[in-house]
Amino acid sequence: MAVSIDRENRIFTLHTKNTSYQMKADEMDVLIHTYYGARIDDSDLSQLVIHCGRGFSGNLYENGKGDRNYTLDVLPQEYSCFGTGDYRITALRVKNPDGSQACTLRYKKYELSQGKYSLDGLPAVYADPGEAETLSIWMEDPFSHLEVILRYGVLPELDIITREAEIVNRGGSPVVLKKAASMNLDIQYGDFDWLTFHGRHTMERNIQRTELEHGVQAVGSVRGTSSHHYNPFAVLCEKNTDEDKGGCYGFSFLYSGEFLLETEKDQISQTRLICGIHPDDFSWTLEPGEAFQTPEVMMTYSGSGFGQMSRNFHKVIREHICRGEWKKKRRPVLINNWEGTYFNFTGDKLVSMAKDAGKLGIELFVMDDGWFGKRDDDNSGLGDWFPNEKKLGCTLKRLGERINEAGMQFGIWFEPEGISEDSDLFRAHPDWAVRIDGRRPDLSRNQLMLDISRKDVQDYIIERLCSILSEAPITYVKWDMNRSICDKYTKGLDADHQGEFSHRFVLGLYRILETLNRRFPYLLIEGCSGGGGRFDAGMLYYTPQIWCSDNTDAIGRLDIQCGTSFCYPVSTMGAHVSAVPNHQTGRVTPLQTRGRVAMAGTFGYELDLSSMTEEEKEEVKRQVEFFKKHYDLIQYGEYYRLRSPKEGCSVWEFVDEEGKEALVTAVYSYVISNSPFVNVKVHGLKPDAVYRVQLLKNEDTDPWFEQSELARDRILSGNALEQAGIVIPGAGKDYQSWQFYISLLEEQE
Ligand code: DGJ
């Protein structure tokens, strides 16, 4: 059993293979948190919670007037409430019918069930009944009868625990939720750093490690989407934690909208972490009997560094969040015309691009922005999802057929949530755009958003998209979204309910995507929001891959993909080889390096092949063959970050789960004169087995290298590779890369 319950003492211990999590309903019926970390037995760890009076920290009335030791203000709790003596950041804040904001949650009962709970209309980790258990704990405010059901999903093999809260108004009058976080984690002892992932358009998910000091630190989004600027993912770690050692907790929010991830180090240096919907733009009225469902957070603990934490998340995302046919099926190598043509194309041009690509082994052609309505730049046409047959030279169906005749599958770009003021849709339904009557809306990319918090607008989009997807042979959709949302207001709700807009927008998005997934199960949908502006575990439930960034520069991508890999597996990271000089940075990198970096993602191309030389095309062909050959290793293998891009030479490894083969890739961000050699340890191999270590031939190695011992294959044991490692050759020029293929020769009995 993953969940062990001591009924008499009301102790709940959740066990995974390597971790344990414990809570207890104490003598005051408060649900206290006692432990999360490396696996332990079922011992009662409430002995770690010492009650002691603290000045200006109040005491429970029901505890008797003489007892000044029991205070919520420092008590580690499972779900903290605002207004009743806990002065730290809190998970739940309500407005009662009398205008007061107090809430007092007390333990009522629990239920344990086999399998993993699911959430209506929201993404959630899923599992077979034998793979998970669900613990639900009921709490209630005895005064207002507000009920909170805390749910815990435990996936023992994966070291994953999920959390969410359902809030039900069991009282007789409406209650307003002002903040309803998905989880609260209190850690009594320890001194932590936290890692957050900040960024901007074309430079997402940079890693920031900061010390937790007294006070509150937070990242979040009020932009309508999870955002380029902060990712809904964070890590709490011990001071000595690095890739391979030290304790760390990872928290990934399965939500694509506004979020807040906050920590507080309190007066006695305890750490609290809260994750949930951002409260700034949120309020939700619960009529008597109504319930509110928070989105889900998944957590993992690793006692052996960030690497293991990431691999835990990679596995759960690949196997228990991504769904449908494309979860296991090999995804096609694609070519997208965006950076090759931008808006300037015709149907014939696209067909010729597809033909060129087909000859090199590329399998899917994606027609990006500009194929519909009046859309020759980004100022008009959004919302008019009718093919521009004049530009395409034929119907969409015929274009798809022509691409198929070139031996390629056909994919198409949409931005279903956007609307241009200069569009027929806006002229017909100006009230469908998100804006506030009587005010000038803020424009971004000269566009507005469609109010998909409304069901009629969702239904319109569903109808339009289904019609297009049914009329042409389309097997892939790139689902883009190109602005942050403001001027939030919906005609679908009255003034008292406007605080529901942002969350309802996300629920609308999920409903549309769910409908498409059901109607077109063969469709591969790639998420996108100006690159990685909505790269979160929530979206991955609907779209198994997401365009990682609008920055296609191989060197820029080293940082972006490294930061992204802290939570998300390479099988989710859209990555393409593009032309040089790179369109975002002007950098000129070798084609080989561009290929190797894009292969640490879903892999594809985004350029006009007709402008390449024959030698370059041969190299593309080799890359595509190589990727297909090693697809399983790259996409399903275990991922190790061996050296950070910040060290000038970025190195990563894929190794299959059984330790039979590994691929190590190294990319230099710049050349250093007469540089020291780089040594990396190879992980995940069988210590007693013997391997061939092959340095793959580079298109541009210099004669010195060919004669060096580095160029020769070596035979080494897994143990030697893990303990002593391999030497990465230096860079003879900027942006050079190297790749080692390591394969099992023989296994010792
Ligand atoms: C932003 C995307 O990230 C790009 O790849 C491209 O699809 C453009 N939008 C098209 O407008």
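I began with charge and counted 84 positive and 112 negative side chains in the chain, the centres of the two sets lying 2 Å apart. I note here that the model is predicted, and that every value below is computed from it.

Next I looked up the overall dimensions, and found that the C-alpha atoms fill a box of roughly 85 × 70 × 45 Å along the principal axes. For 749 residues, a compact globule would have a radius of gyration near 27 Å, and I recorded 27 Å for the chain, so the two agree.

I then turned to secondary structure and surface. The chain holds 14 helices and 39 strands, and its accessible surface comes to about 27,300 Å², with 48% belonging to carbon and sulfur atoms. Buried residues account for 62% of the 749. When I took the contacts between residues at least 6 apart in sequence, I found that 70% of them join residues at least 24 apart.

My last entry concerns Q270, which I located in the loop between β16 (259-265) and β17 (271-277). Leaving aside neighbours within four places in sequence, I listed V74, P76, R88, I187, Q188, E264 and K265 as the residues in contact with Q270.

Technical notes
Residues numbered from 1 in each chain as written. Predicted model: local features only at pLDDT ≥ 70, side-chain atom pairs only at ≥ 80, totals over all residues. Heavy atoms only, no water. Helix = DSSP H or I, 4+ residues; strand = E, 2+ residues; numbered from the N terminus. Rg over C-alpha atoms; globule rule 2.2 N^0.38 Å. Buried < 20%, exposed > 50% of the residue type's maximum accessible area, 1.4 Å probe, protein only. Contact = heavy atoms within 4.5 Å. Areas by Shrake-Rupley, 256 points an atom, 1.4 Å probe, with all protein chains shown as cover. Lys, Arg positive; Asp, Glu negative; His and termini not counted. Charge placed at Lys NZ, Arg CZ, Asp CG, Glu CD.
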